[in-house]
Every structure is written in structure tokens, then in C-alpha cells.
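Please open the model in a viewer and keep the sequence at hand.

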Amino acid sequence: MERIEHVREFGGWLDRYRHDSETCHCRMTFSVYLPPQAESAPVPAVYFLSGLTCTDDNVRVKAGAQRYAAELGLALVMPDTSPRGEDVADAPDRYDLGQGAGFYVNASRPPWAAHYRMFDYVNQELPALVERELPLIPGRRSITGHSMGGHGAMISALKNPGLYRSVSAFAPIGNPMECGWGQGCLGAYLGEDRASWREWDATELIRAGAAPIPLLIDQGTDDEFLRDGQLRPEALSQACAERGFPLTLRMQPGYDHSYHFIASFIGEHLAYHARALRD
């Protein structure tokens with residue numbers, strides 16, 4: 001791990017790192033916020049997965065999360081959204097495929113399979129690296145995310161029972177098999193067999209019997225991508241109702257898809273995770 005930034009914030013430290021990823025076969029960048037409590041004792045961590053077109057920089061600059069993390073004694077781990085580099089496959093004419101749009105799946109189709117293994121990176125390689133190199137962050141983890149990252153947070157928790165104490169999401173892509181973003185990425189990364197897509201779709205994982213974990217979702221009613229049918233919280237909600245899966249879905253009047261929305265509710269989400277991480 002090579003530290004490339006070190007910034008004092010709210011009594012703690014915001015650091016940015018680069019490392020050679022064995023999973024994605026390229027240099028990866030991520031950020032970590034260590035709250036002031038980490039100077040004297042280990043602290044639990046909340047992983048934040050960002051959305052399409054973003055890097056780790058969006059959340060650490062725009063969400064206002066570090067202030068709440070400092071008050072609650074939480075570390076924040078903020079990975080990038082995809083592998084990057086000259087040798088990494090891309091679709092430069094599209095914002096919703098390739099670099100910046102890893103979709104948190106393990107790609108199985110060329111040319112994507114060589115680098116696009118974000119699910120294993122987020123859930124295996126990155127936690128192992130962080131907990132080995134930063135011993136003040138032990139193995140108590142929760143996960144959240146926005147949009148594509150909300151999708152990533154949900155499938156990470158649903159496919160890894162016991163790895164996370166809690167999960168939440170901001171305007172997640174809840175049923176990617178049935179929306180344009182998901183169909184474009186899942187088709188490219190996994191192939192045209194739709195049956196193989198189900199294991200990367202939170203709605204389908206819940207329908208198939210995923211182990212229950214309480215799920216908190218905030219969704220703005222004026223979200224342009226909600227209107228366009230990209231997010232489909234109604235399908236996720238129906239699957240949870242059918243299974244008796246513990247879902248709290250809060251429709252927030254007037255909010256859009258932006259970081260103004262995330263900043264308005266990030267404190268409540270971090271408090272939710274802090275309670276789970278204390279149990």
C-alpha cells in the first residue's frame with residue numbers, strides 16, 4: 001500500500017492509497033477515513049461503494065460522511081468503482097460500461113474478465129489488505145452505497161452471509177436484470193444467458209432465499225433515474241414482502257439522485273451501522 005494523500009479532518013485522518021491488485025490485475029486506488037478514536041483503540045469500518053462514473057473522491061468530498069464518522073467512532077473505507085489503466089478494457093463512448101462502471105460483479109466474458117472482478121476485490125482483497133495494513137480496523141464491517149454502489153452493497157451482503165453486520169443503500173439499482181443500465185453491463189460482463197444474471201441481482205437473490213439481513217434504503221421521489229425505471233425499488237420491495245425480508249424503504253419527498261440527497265441522510269445511515277457494529 002502506497003499512501004498518496006494524508007489530510008487532517010474532524011480530529012482524524014483522511015488517507016488515500018494505491019496498491020497493486022491481484023484480483024483486478026492493475027493499480028487500484030481507495031480512501032480510508034480513520035476517526036480520532038482510532039488513535040487509542042480499534043474501530044469498526046463502514047464500506048461505501050460509489051455509483052456510475054464516480055471514484056472514491058466523490059463520496060469523501062461531497063457526502064459529509066467524515067464528520068459523522070468522527071462522532072460515531074467509525075472508519076470509512078471508500079474504494080473506486082472499477083479497475084483503471086491503459087491496459088484495462090473500456091467503452092470510451094459510454095458512461096455506463098467499462099472504466100467507472102464495474103457494477104461490482106465478477107466478469108466472465110472477454111475482454112472484461114481479465115480485470116473486472118470488483119465483487120471479489122471489494123469483499124475479499126480490499127478488506128484483507130485494509131485489516132492487515134491498518135490494524136486499528138479489525139474485522140467488524142458494514143456496507144452501504146449509492147446507485148450502482150447501492151446495488152453492489154446489497155449483493156455483497158446477500159452473497160456473503162455474516163461478512164457484514166448491516167447493509168444500507170441510497171437510491172440503489174434494485175433490480176438490474178430489468179433496467180437498461182443493468183442489462184447493458186450484465187450482458188457485456190457475463191454474457192447473454194439471463195439465468196446467470198440472477199446471482200448479481202438483489203431482487204432475485206432475495207426471491208431465491210438469501211439469508212435475511214436488515215436493509216435500509218433511502219430513495220428520493222424526484223430522482224430522475226427513478227422516473228426512468230433504472231432503480232426499480234418497487235420490485236425489490238415486492239420481493240422482500242413475499243419473503244418477509246426485513247426492509248425499511250423510505251421514500252424521501254423532493255430529493256434527487258445527487259450527493260445533496262446523500263449528504264442529507266448519510267448521518268442517519270452511519271448511525272444505523274454504528275448501532276449494528278456495537279452489538
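The stops below begin with a serine and continue with aromatic rings in this predicted model.

**First stop.** Select S31, which is found in strand 3, residues 26-34. Is S31 buried or exposed? Its relative accessibility is 0%, and S31 therefore counts as buried. Next, display the side chain of D56, which a polar contact of 2.5 Å joins to that of S31. Leaving aside residues up to four places away in sequence, S31 touches several others, including D15, R16, R60 and M78.

**Second stop.** Turn to the aromatic rings, of which the structure holds 11 pairs. Select Y17 and F30: their ring centres are 5.5 Å apart and their planes lie at 25 degrees, so this pair is stacked. The pair links distant parts of the chain, with Y17 in strand 2 (residues 12-21) and F30 in strand 3, 13 residues apart. Y17 is buried at a relative accessible area of 7%, and F30 is buried at 0%.

**Third stop.** Now select W181 and F225, whose ring centres are 4.7 Å apart with planes at 50 degrees, so the pair is tilted. Here W181 belongs to helix 5 (residues 180-190) and F225 to helix 7 (residues 224-227), 44 residues apart. W181 counts as buried, at 4% relative accessibility.

**Fourth stop.** Select F48, F170, Y255, F261 and F265 together; ring pairs link these residues into a cluster.

**Last stop.** Select K159 with F119 and W200. K159 lies over the face of F119, at 5.5 Å from the ring centre, and also over the face of W200, at 4.4 Å from that ring centre.

Key
Residues numbered from 1 in each chain as written. Predicted model: local features only at pLDDT ≥ 70, side-chain atom pairs only at ≥ 80, totals over all residues. Heavy atoms only, no water. Helix = DSSP H or I, 4+ residues; strand = E, 2+ residues; numbered from the N terminus. Buried < 20%, exposed > 50% of the residue type's maximum accessible area, 1.4 Å probe, protein only. Polar contact = N/O pair within 3.5 Å; in protein donor to acceptor, adjacent residues only side chain to side chain. Contact = heavy atoms within 4.5 Å. Phe/Tyr/Trp six-rings, centres within 6.5 Å; stacked < 30°, edge-to-face > 60°. Lys NZ or Arg CZ within 6 Å of the ring centre and 35° of its normal.
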